[in-house]
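Here is a short briefing on one predicted structure.

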Amino acid sequence: MCVCVSVSEAGIRPSLLGLQPPTLCAPLSEALLDPRLLLGLLVSAVGLVELRVLVVRGESVGGASPGAEPASALALLGDRVLNASAEAQRAAARFHQLDVKFRELAQLVSQQSGLIARLERLCPGSAGGQQQVLPPPLVPVVPVSLVGGTDDAGRRLNSAAEPQRDQTLRQPGPLASPLPLGHPAVPPKPAGPWQDCAEARQAGHGQSGVYELRVGRHVVSAWCEQQLEGGGWTVIQRRQDGSVNFFTTWQHYKVGFGQPDGEYWLGLEPVHQLTSRGDHELLVLLEDWGGRGARAHYDGFSLEPESDHYRLRLGQYHGDAGDSLSWHNDKPFSTVDRDRDSYSGNCALYQRGGWWYHACAHSNLNGVWHRGGHYRSRYQDGVYWAEFRGGAYSLKKAAMLIRPLRP
């Protein structure tokens with residue numbers, strides 16, 4: 001018995017299938033093993049070409065019908081063809097799904113490549129050829145004023161250091177005025193609001209405490225120091241126990257945070273409103289962990305408006321703490337989310353505070369309140385005044401006070 005395969009020419013050329021003649025005949029046992037005949041059968045099963053399978057018997061007298069054996073062989077061949085056709089259709093469906101997924105992944109990779117290229121152009125130190133940002137320069141660990149100093153300087157440097165602890169682990173300490181001057185408990189708020197603490201002092205209020213001040217259209221609470229050098233001082237900043245986190249955002253530094261009878265920051269906008277009324281002086285009071293105090297006085301102090309990023313304006317320095325603020329004169333205020341410093345990196349991020357950073361700081365009174373003075377940190381992020389105890393010494397107490405200049 002032989003099997004013959006005829007390939008229709010409807011849209012398909014037989015030469016493409018490897019079937020050179022239009023009709024091929026071979027014994028059934030060979031047809032099952034002949035790749036060309038099997039390929040023709042598969043093509044017919046998926047509807048691409050027409051196959052005509054003919055069962056031919058040898059010449060016989062009387063034209064009798066085919067026997068049972070050729071019919072069963074032909075049925076087996078048909079089942080195989082149908083199975084192969086179904087498998088081919090499933091494979092085609094899987095291929096289509098994989099092709100769709102591949103296109104989606106290719107599109108995603110293309111988008112990510114574009115994003116990476118943009119980040120490389122924006123980020124410092126990228127492969128795009130920009131210079132790598134280095135850590136900020138460090139101020140001297142020991143202030144210049146103490147190098148080769150007297151025995152008194154040695155006592156200042158050898159003060160006992162307590163175990164260090166970050167400000168986030170501190171609990172609120174006792175209330176205090178700018179520095180421990182022995183004031184009594186906080187009195188009730190005097191009648192107000194006042195224009196500033198100097199006006200309250202002139203009105204006869206000689207007790208230090210929390211007063212209400214009118215700044216612009218708002219009323220704020222501030223600590224008024226009324227017993228130091230004639231009084232009239234408005235405390236705009238105080239550090240004393242690490243109870244308040246000063247590593248915060250521009251908006252917090254703008255409006256103020258903390259409590260005026262403890263650690264607090266009065267606010268850039270209130271300070272600008274106060275100093276815009278006339279000439280002011282600034283007094284900075286410092287205390288180390290050995291109990292030694294120091295002061296820095298500036299005969300001029302004001303802040304520009306927010307449109308100029310509360311730029312610092314300072315007068316001449318006087319005092320015994322050393323001048324660690326004039327280096328920041330004429331610099332805008334910077335926070336972790338408003339980088340306005342002169343450094344290629346973000347000084348507020350390195351120093352962990354908000355300040356009139358340059359590149360980066362000779363003073364950092366809004367830094368991390370490290371317990372014990374000398375601290376270990378990757379960067380100089382403590383509460384320091386470089387000319388007093390150096391950049392690697394975090395002060396125990398610090399306060400900034402302003403007052404209108406007297407005629």
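Buried means under 20% relative accessible area, exposed over 50%, and partly exposed in between, with a 1.4 Å probe and protein chains only. By that rule Cys 197 is buried, with a relative accessible area of 0%. This is a predicted model: local features need pLDDT of at least 70, side-chain atom pairs count only at pLDDT 80 or more, and totals for chains, interfaces and linings use all residues. Residues are numbered from 1 along each chain as its sequence is written, and side-chain values use heavy atoms, leaving out hydrogens and water. Helices (H or I, at least four residues) and strands (E, at least two) are DSSP runs, numbered from the N terminus.

**Disulfides**

- A search of the whole structure finds 2 disulfides, each being a pair of cysteine sulfur atoms within 2.5 Å.
- Cys 197 and Cys 224 form a disulfide, with sulfur atoms 1.8 Å apart. Cys 197 lies in helix 5 (residues 197–202) and Cys 224 in strand 5, so the pair ties together parts 27 residues apart in sequence.
- The link of Cys 197 and Cys 224 is left-handed, with -75° about the S-S bond. Cys 224 is buried at 0% relative accessible area.
- Cys 347 and Cys 360 form a disulfide, with sulfur atoms 1.9 Å apart. The torsion about their S-S bond is about -85°, so this disulfide is left-handed.
- Cys 347 sits in helix 8 (residues 347–351) and Cys 360 in the loop between helix 8 and strand 14 (363–364), 13 residues apart. Cys 347 and Cys 360 are buried.

**Hairpin**

- Strand 4 and strand 5 pair in the antiparallel sense over 7 bridges; pairing requires that DSSP finds at least two bridges between two strands.
- The two strands form a hairpin with 2 residues between them, and Gly 216 in the turn has a positive phi of about 65°.
- Gly 209 has Cys 224 of strand 5 as its bridge partner.
- Strand 4 (residues 209–215) is mostly covered, with 5 of its 7 residues buried.

**Aromatic rings**

- The structure holds 14 aromatic pairs. Rings of Phe, Tyr and Trp (its six-membered ring) pair if their centres lie within 6.5 Å; planes under 30 degrees apart count as stacked, over 60 as edge-to-face and the rest as tilted.
- Tyr 253 and Trp 265 have ring centres 5.5 Å apart and planes at 75°, so the pair is edge-to-face. Tyr 253 is in helix 6 (residues 250–255) and Trp 265 in strand 8 (residues 264–265).
- Tyr 253 is buried at 0% relative accessible area, and Trp 265 counts as buried at 3%.
- One aromatic cluster includes Tyr 253, Trp 265, Tyr 310 and Phe 246.
- The charged end of Arg 239 sits over the ring of Phe 246, 3.9 Å from its centre. Such a charge is NZ of Lys or CZ of Arg within 6 Å of the ring centre and within 35 degrees of the ring normal.

**Two single residues**

- His 272 is in helix 7 (residues 268–275) and is buried, with a relative accessible area of 13%.
- A polar atom of the His 272 side chain lies 2.8 Å from the backbone oxygen of Leu 303.
- Not counting residues up to four places away in sequence, His 272 touches Leu 303, Glu 304, Pro 305 and Tyr 310; contact means heavy atoms within 4.5 Å.
- Gly 231 is in the loop between strand 5 (218–225) and strand 6 (233–239), and counts as buried at 1% relative accessibility.

Technical notes:
A polar contact is a pair of N or O atoms within 3.5 Å; within protein, one must be able to donate a hydrogen and the other to accept it, and residues adjacent in sequence count only if both atoms are side-chain atoms.
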